[in-house]
Amino acid sequence: MSQARQQLLPLHAVRRAVVLAVALTASLVAFGAVAVTDASAARAHASQSKDDVRQLQQALGVPADGVFGPQTQRAVKRYQRRHGLAVDGVVGPQTRQALGLGAGPVLKRKRVHGRGQAARGRKVHHRSGGGVRTLQRKLGLPADGVFGPQTEIAVKNFQASHGLAPDGVVGPNTRRALGIGPGPTLKRRGSGGRGGGGRGAVWRVIASANRIARKPYKYGGGHGRYFDSGYDCSGSISFALHFAGLLRTPLDSSGFMSYGARGRGRHVTIYANAGHAYMVVDGRRFDTSAISETGSRWTSTHRSSAGYVVRHPRGL
């Protein structure tokens, strides 16, 4: 009996040791899994920088202001819809890969509540019933209540097509033409002033160019009238610059040889000779010759500037 107990005790000890080892191993595995999950989540939700968002916006062909706002979100959803991706407006690994952005953080819109956007100086305070949202609905735009570059361009387009001064300011005459009744003057804060220069002017150039980027090539298009069925090289540039407040009347390619200031600009550069003209905005070329390449006047490829006069809008 004594020998039997001596044999059983070690078996119990072994069993307890096995149970403890299994439990410890399971805990370590679970801890490791949690650690890996947490690390993956941390990488996936790394804070998005303005440079990340600018890179995305440039790939989408929208104003590269570094802010993932409503316009960028809509552009992402359009891209996802056209490329068979989940249409959620979130730029995760699959959308990044499709856009050619490579590995990086998940990018998405950070919603701002309350007075946040007004604090950034882009929301116009207005009376109820006659404010920015009402204006945007009349113009057929998403009614986000922010009088930004897209709203300003739409106002200018409406004014130009209704014989009003295309200044982007919704005063009494424009309000009357829109049928929104009397109310406060609405405009983009920071517009006007020093000749429309600065980053805001670059956004307006891009937004204007986007409106006709996929229009067909048409010789002389955009010269007899701004709203045309197609545009030639200089007509395309004229449209973009005019509705950005940087050009009064259309120019042909020879006219752009003396436009603005000499040399390359910080953001916008125009290359012109007697037979052709194209424009580069923040590193992307806006050129009718790109339509056969991308289906749009926008392209990330570059061409030789030999034989071209190099000019830029003053201040840009």
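1. Some ground rules. Residues are numbered from 1 along each chain as its sequence is written, and side-chain values use heavy atoms, with hydrogens and water left out. In this predicted model, local features need pLDDT of at least 70 and side-chain atom pairs count only at pLDDT 80 or more, while totals for chains, interfaces and linings use all residues.

2. Strand S2 covers residues 268–272; strands (E, at least two residues) and helices (H or I, at least four) are DSSP runs, numbered from the N terminus. Because 5 of its 5 residues are buried, S2 is largely enclosed by the rest of the structure. Buried means under 20% relative accessible area with a 1.4 Å probe, protein chains only. Val268, Ile270 and Ala272 lie on one side of S2, with Thr269 and Tyr271 on the other.

3. Ala272 stands opposite Ala277 in S3 and opposite Val309 in S6.

4. The largest nonpolar core has 30 residues, among which Val205, Leu241, Phe256, Met279 and Val281 touch the most other members. Such a core is a set of buried Ala, Val, Leu, Ile, Met, Phe, Trp, Tyr and Cys residues joined through side-chain atoms within 4.5 Å. H9 (199–212), H10 (233–242), S2 and S3 each supply at least two residues, and H9 gives the largest share, 7 residues.

Definitions and conventions. Buried < 20%, exposed > 50% of the residue type's maximum accessible area, 1.4 Å probe, protein only. Pairing = 2+ DSSP bridges.
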